Amino acid sequence: MAEASIQLTGTKQEKYEQLLPIIHSLVVGESDLIANLANVTAALKQGFDFFWVGFYLVKEDELVLGPFQGPIACTRIKKGRGVCGAAWQQKQTLLVPNVDEFPGHIACSSDSKSEIVVPLLKNGAIFAVLDVDSNQFNDFDNIDEQYLNKLCVWLSDIL
Ligand code: SME
């Protein structure tokens, strides 16, 4: 098992470079989806102290709340609704610098100001999305997009 305390140093890019192998070591060899997603959210929360980080899982025509770290969140999101439902429908990562300007944004917390949602695909179908929220505007950039995409691509492969 990896070291329980995660302390990252350097630039954001350097922090992701340190964190991704830690996450890899946490999930590799474990087949349980929920256990793995739970540790991924905990590692992201510990590493970056994100305001909210978690997964929504595709169940029939809705996204249902999965493992997360942060304030209580809405449990079900319809396809096309909010940032998560839009990322699912459009099958693409959505980076939202100001959630107030995103039509239909679902405010689970009024403190959430910016957000990034990354889909996880298996055999061309989305089975989950990773949602990360910040309580600051413009808190995510192409570095987050690049590394969270990379994380979700290999998570999709091994989960
Ligand atoms: N803001 C999201 C809903 C999920 S919470 O942020 C945890 C959305 O608009 O889809």
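**Cavity lining and salt bridges**

Author: In this predicted model, α3 gives three residues to the lining of the largest cavity, the largest share. The space in that cavity is about 160 Å³.

Reader: Which residues that line the largest cavity are the closest to its centre?

Author: They are I106, C108, E115, D131 and D133, out of 19 lining residues. By class, the lining divides into 11 nonpolar, four polar and four charged residues.

Reader: What makes K12 and D144 a salt bridge?

Author: A salt bridge requires a side-chain nitrogen of Lys or Arg within 4 Å of a carboxyl oxygen of Asp or Glu. The closest N and O atoms of K12 and D144 are 2.4 Å apart, so the pair meets the definition. K12 lies in helix α1 and D144 in helix α4, 132 residues apart.

Reader: Why is D144 called buried?

Author: Buried means under 20% relative accessible area. D144 has 2%, and is therefore buried. K12, at 27%, counts as partly exposed.

Reader: How do you know that E62 and K78 tie together separate parts of the sequence?

Author: Their side chains meet in a salt bridge, at 3.3 Å from N to O. E62 lies in strand β2 and K78 in strand β3, so the bridge ties together parts 16 residues apart in sequence. At 14% relative accessibility E62 counts as buried, whereas K78, at 40%, is partly exposed.

Conventions: Residues are numbered from 1 along each chain as its sequence is written. This is a predicted model: local features need pLDDT of at least 70, side-chain atom pairs count only at pLDDT 80 or more; totals for chains, interfaces and linings use all residues. Side-chain values use heavy atoms; hydrogens and water are left out. On a 1 Å grid over the protein atoms alone, a cavity is a set of points where a 1.4 Å probe fits but cannot get out, and a pocket is an open set with protein on both sides within 12 Å along at least five of seven lines; lining residues have an atom within 4 Å of a point. Grid points are joined across faces, edges and corners, and a volume is the space filled by probe spheres set on the points. Helices (H or I, at least four residues) and strands (E, at least two) are DSSP runs, numbered from the N terminus. Ala, Val, Leu, Ile, Met, Phe, Trp, Tyr, Cys and Pro count as nonpolar, Asp, Glu, Lys and Arg as charged, and the others, Gly among them, as polar. Buried means under 20% relative accessible area, exposed over 50%, partly exposed in between (1.4 Å probe, protein chains only).
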